[in-house]
Amino acid sequence: MKNFKQTYGAWALVTGASSGIGEAMSIELAKQGVNLVAVARNEDKLLTLKTKLETYNIEVKTLSVDLSLPGSSAEIAEKTAQLDIGLLVANAGIENTGAFIENSQDQERKLLDLNITSPMELSHIFAKRFAKKGKGGILLLASLFGYQGVPFVANYSASKAYILSLGEALNVELKPLGIDVSVLSPGLTDTPMTQNMVVDFKKVPITSHQPEVVARVGLNALGKKATVVPGFINKFYAWENRLIPRSWPVKLFGILIKRAMTVKTTGNKQAAV
Ligand SMILES: NC(=O)c1ccc[n+]([C@@H]2O[C@H](COP(=O)([O-])OP(=O)(O)OC[C@H]3O[C@@H](n4cnc5c(N)ncnc54)[C@H](OP(=O)(O)O)[C@@H]3O)[C@@H](O)[C@H]2O)c1
């Protein structure tokens, strides 16, 4: 793995740092001596993480911010203005599994605010800073579900398709400015997100990965690859759907997810708010 401190500088900012893949990313960077700004909502979890990260003799600042709220990116910009941040890991995200019209519209909008607006705004803020220095790194979190539409996870998979496309484009656009952009698209990863999903993943033919492995694959891709998918089977899923009609994997995922959902839908008859 590259020397992140040497390549991008002394500080990194990780959103969604308090659990799952974000926590694993934070620990990996801390092991390399990179100081961290850890962002999430729950202050207690952030303080527990800070104690853990400080055992690696780094400086840690925690920011308790709800990134789905308007103004949250500006708040991050203001609170980090004096720090020489060289790496942004825009990792925070939520899912919302269920029949589209039975899900709450407010929750679907919140998902877009967190999964799309926040990483876009933070990428904009930090890319401008990095461009002035002529160096920096941005790691965006998409998903294997972003490689095709996924019924019953429709809004989430669409949000991740946006991130995949944004990151692919920025990888090329920002390269001449000295900024590395990569998109990490994990498949099933064993984190609180998937543990709380209303899907029995034992019924879906995909293998689960540990967040530490996924975090290392993502960090390792920076400066080398525009996009990366951890795991051989996940890579296959992402690759094969470029060779077959787009509708096939969408239909397949629709059957698989519907069969594996632990909360049964009413058959899409009732629209939610
Ligand atoms: N796990 C998977 O199988 C998988 C697969 C593909 C992609 N991903 C993507 O990987 C990323 C991390 O997922 P994960 O599985 O590690 O999830 P996770 O364990 O649920 O962690 C989510 C993190 O985001 C924070 N967060 C949630 N809502 C937030 C908000 N409104 N404002 C600020 N922070 C917020 C959480 O802390 P607080 O609750 O304290 O705010 C937590 O630190 C997500 O973008 C996800 O879509 C995950």
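**Figure 1. Accessible surface and overall fold of the predicted protein chain.** The protein chain exposes about 12800 Å², and carbon and sulfur atoms supply 56% of this area. Accessible areas come from the Shrake-Rupley method with a 1.4 Å probe, and for residues only the protein chains shown count as cover. Because this is a predicted model, local features need pLDDT of at least 70 and side-chain atom pairs count only at pLDDT 80 or more, while totals for chains, interfaces and linings use all residues. Residues are numbered from 1 along each chain as its sequence is written, and side-chain values use heavy atoms, with hydrogens and water left out. The protein chain holds 10 helices and seven strands; these are DSSP runs numbered from the N terminus, with helices being H or I of at least four residues and strands E of at least two. The radius of gyration is 18 Å, close to the 19 Å that the globule rule gives for 273 residues, so the protein chain is as compact as a globular protein of that length. The radius is taken over C-alpha atoms, and the globule rule is 2.2 Å times the number of residues to the power 0.38. Along the principal axes, the C-alpha atoms fill a box of roughly 55 × 40 × 30 Å.

Figure 2. Of the 273 residues, 51% are buried. Buried means under 20% relative accessible area, exposed over 50%, and partly exposed in between (1.4 Å probe, protein chains only). A contact means heavy atoms within 4.5 Å. Among contacts between residues at least 6 apart in sequence, 73% join residues at least 24 apart. The chain carries 31 positive and 23 negative charges, and their mean positions are 6 Å apart. Lys and Arg count as positive and Asp and Glu as negative, with His and the chain ends not counted; each charge is placed at NZ of Lys, CZ of Arg, CG of Asp or CD of Glu.

**Figure 3. The nonpolar core around I76 and I138.** The largest nonpolar core has 52 residues, of which I76 and I138 touch the most other members. Such a core is a set of buried Ala, Val, Leu, Ile, Met, Phe, Trp, Tyr and Cys residues joined through side-chain atoms within 4.5 Å. Another core, of 31 residues, lies apart from the largest one and includes A24, L29, V34 and V89. Beyond its neighbours within four places in sequence, I138 is in contact with residues including L87, L88, F130, L174, V181 and L222. S123, D180 and S182 are also among the contacts of I138.

**Figure 4. T191 in the loop between β6 and α7.** The loop runs between β6 (179-184) and α7 (192-195). T191 has 8% relative accessibility and so counts as buried. With residues up to four places away in sequence left out, T191 touches G20, I21 and P211. G178 is 13 residues from T191 in sequence, yet the C-alpha atoms of the two are 33 Å apart in space.

**Figure 5. Positive phi values at N57 and F152.** N57, a residue other than glycine, has a phi near 60 degrees. N57 is found in the loop between α3 (43-54) and β3 (60-64), and at 74% relative accessibility N57 counts as exposed. F152 is also a residue other than glycine, with a positive phi near 75 degrees. The loop that holds F152 is between β5 (136-141) and α6 (154-174). F152 counts as buried, at 14% relative accessibility.

**Figure 6. K61 in strand β3.** At 37% relative accessibility, K61 counts as partly exposed. K61 and A38 are 23 residues apart along the chain, and their C-alpha atoms are separated by 6.2 Å. Besides A38, K61 touches W11, L36, V37 and L83, when residues up to four places away in sequence are not counted.

**Figure 7. I116 and T117 in helix α5.** Helix α5 covers residues 105-133 and includes T117. I116 is buried, with a relative accessible area of 17%, whereas T117 is partly exposed, at 29%. I116 and S159 are 43 residues apart along the chain, and 6.1 Å separates their C-alpha atoms. For T117 and S73, 44 residues apart in sequence, the C-alpha to C-alpha distance is 9.2 Å.
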